[in-house]
Amino acid sequence: MPQLKQTSHRAGRVVEQQSGPDGFAAFFPAPLPPDPPLAIDAELQARLDRANQALGRLDGVTLLLPDPEIFLYSYVRKEAVLSSQIEGTQSSLSDLLLFEHDVAPSVPSGDAQEASNYVAATYRGVELLRGGLPLSNRLLKQVHDTLMDGARGGERQPGEFRRSQNWLGGTRPGTARFVPPPWQEAEAAMGKLERFLHGDPVQTPTLVKAALAHAQFETIHPFLDGNGRLGRLLVTLLLIAEGVIDRPLLYLSLYLKQHRDVYYDRLQRVRTEGAWEDWLVFFLDGVTEVAQSTTETTRRLVSLIEADRRRIHALGRGAATAARVHDELTAGVVGRPADVAARIGRSEPPVYQAFARLEELGIAREVTGRRRGRVYVYDSYLSLLNEGTTTPVPASAGPDL
């Protein structure tokens, strides 16, 4: 019977559940914080400081934006695509945006639906936090229900902790790479995690708390499906709940996707070796890298938008309508002329002409190839957003259990 080869009980312990040919052992996580406590030496403290500073600069750059919601729209969708790609979906950011505008994506619609649900789940979580509900199991269940609504796996107890055993890798628990605690233990483990999130038994720096909570959530695997995506979303919701960032602008899944094998290895080493410090190093380096990248991407997008506005204003006749159309593309990246005309209160002919002018300037690109029902994308803007999302994870990544 395969066993999780454990050399430390710092993160929990492996307990045999049944013997014989169908026997398996499950991992029972120890409650947070780790015992012995984290050894935060000078090097690790420096990493923590750099990550906090990078997040501060990211949050601060939004204060300089005329409308931060424009970038929020795009960044939430980028994180949704990346988090879904880690689990093996092939949907790109372009696919998601087209799917949301009722244009068939180039991948199975189920892949785009999963990413779209992640967007809805993110907004649902933020809405609940701003409505006064603390970050809690109650909130996570509601977010999970949104995440799984109508998606693959949506019939597997959405919004409810599991009532059966799950596992990662293999065809059954006895051949699995990792087996989370039995379902009878999952709710109690999540109760202890919730108390940790609320500062019980000790207050923990937010980024350290986010790193530990994510790893613990993935170890408990409290739902039958969607745990990977929800566990990553938990990081964002925690940063917002504790005031580290004001909006979900951080697409941490970019780093986790780029280092997927290391990501899973570090999580597994927490369980086998109690290697919390190594996991924390990896997590903090990812926060720093992605926060810096997001800040730089925001600046590049602002420069692109301003440069394109100057080109549009030089058009002369028709510049005013073209500028309004450009504003709509900036907000949504993808646009249908008929929809844009309705939103800006103009008739369709001048709006179609404005899209044609933007296409001539190389700002907009028509993507359907049809004469009717045309759809345009803000080409250079989308190219910047697409960085990091166009290299798919192999399909062998497996289901997001």
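Start with the contacts: of those in the chain with a separation of 6 or more, 69% link residues 24 or more positions apart. Keep in mind that this is a predicted model. The chain holds 15 helices and five strands. Its radius of gyration is 23 Å, close to the 21 Å that the globule rule gives for 401 residues, so the chain is as compact as a globular protein of that length. Along the principal axes, the C-alpha atoms fill a box of roughly 75 × 45 × 35 Å.

What about inside versus outside? Buried residues make up 55% of the 401 in the chain. The accessible surface comes to about 16,800 Å², and 49% of that belongs to carbon and sulfur atoms. As for charge, there are 45 positive and 49 negative side chains, with the centres of the two sets 3 Å apart.

Now to the strands. Strand 1 (residues 12–18) pairs with strand 2 in the antiparallel sense over six bridges, and one of the pairings puts Gly 12 across from Pro 29 of strand 2. Strand 2 (residues 24–29) has six of its six residues buried, so it is largely enclosed by the rest of the structure. In a regular strand the side chains alternate between the two faces of the sheet. Here both faces are covered: Phe 24, Ala 26 and Phe 28 are buried on one side, and Ala 25, Phe 27 and Pro 29 are buried on the other.

Further along, three strands form an open sheet with the order 3-5-4 and antiparallel pairing. Strand 3 (334–335) and strand 4 (364–366) are the edges, each pairing on one side only. Strand 4 runs antiparallel to strand 5 (residues 376–378), joined by three bridges, and Ala 364 stands opposite Tyr 378 of strand 5.

The loops have some backbone geometry to check. Most residues other than glycine have a negative phi, and most peptide bonds are trans. Against that background, the Leu 32 to Pro 33 bond is cis, with omega near 0°; Pro 33 sits in the loop between strand 2 and helix 1 (42–61). The bond from Asp 200 to Pro 201 is cis too, with omega near 15°, and Pro 201 is in the loop between helix 6 (183–197) and helix 7 (206–220).

Then there's phi. Asp 102, in the loop between helix 3 (93–100) and helix 4 (109–130), has a positive phi near 60°. At 71% relative accessibility, Asp 102 counts as exposed. Val 333 also has a positive phi, about 70°, in the loop between helix 12 (319–332) and strand 3. Val 333, however, counts as buried because its relative accessibility is 1%, and buried means under 20%.

Technical notes. Residues are numbered from 1 along each chain as its sequence is written. This is a predicted model: local features need pLDDT of at least 70, side-chain atom pairs count only at pLDDT 80 or more; totals for chains, interfaces and linings use all residues. Side-chain values use heavy atoms; hydrogens and water are left out. Helices (H or I, at least four residues) and strands (E, at least two) are DSSP runs, numbered from the N terminus. The radius of gyration is taken over C-alpha atoms; the globule rule is 2.2 Å times the number of residues to the power 0.38. Buried means under 20% relative accessible area, exposed over 50%, partly exposed in between (1.4 Å probe, protein chains only). Contact means heavy atoms within 4.5 Å. Accessible areas come from the Shrake-Rupley method with a 1.4 Å probe; for residues, only the protein chains shown count as cover. Lys and Arg count as positive and Asp and Glu as negative; His and the chain ends are not counted. The place of a charge is taken as NZ of Lys, CZ of Arg, CG of Asp or CD of Glu. Two strands pair if DSSP finds at least two bridges between them.
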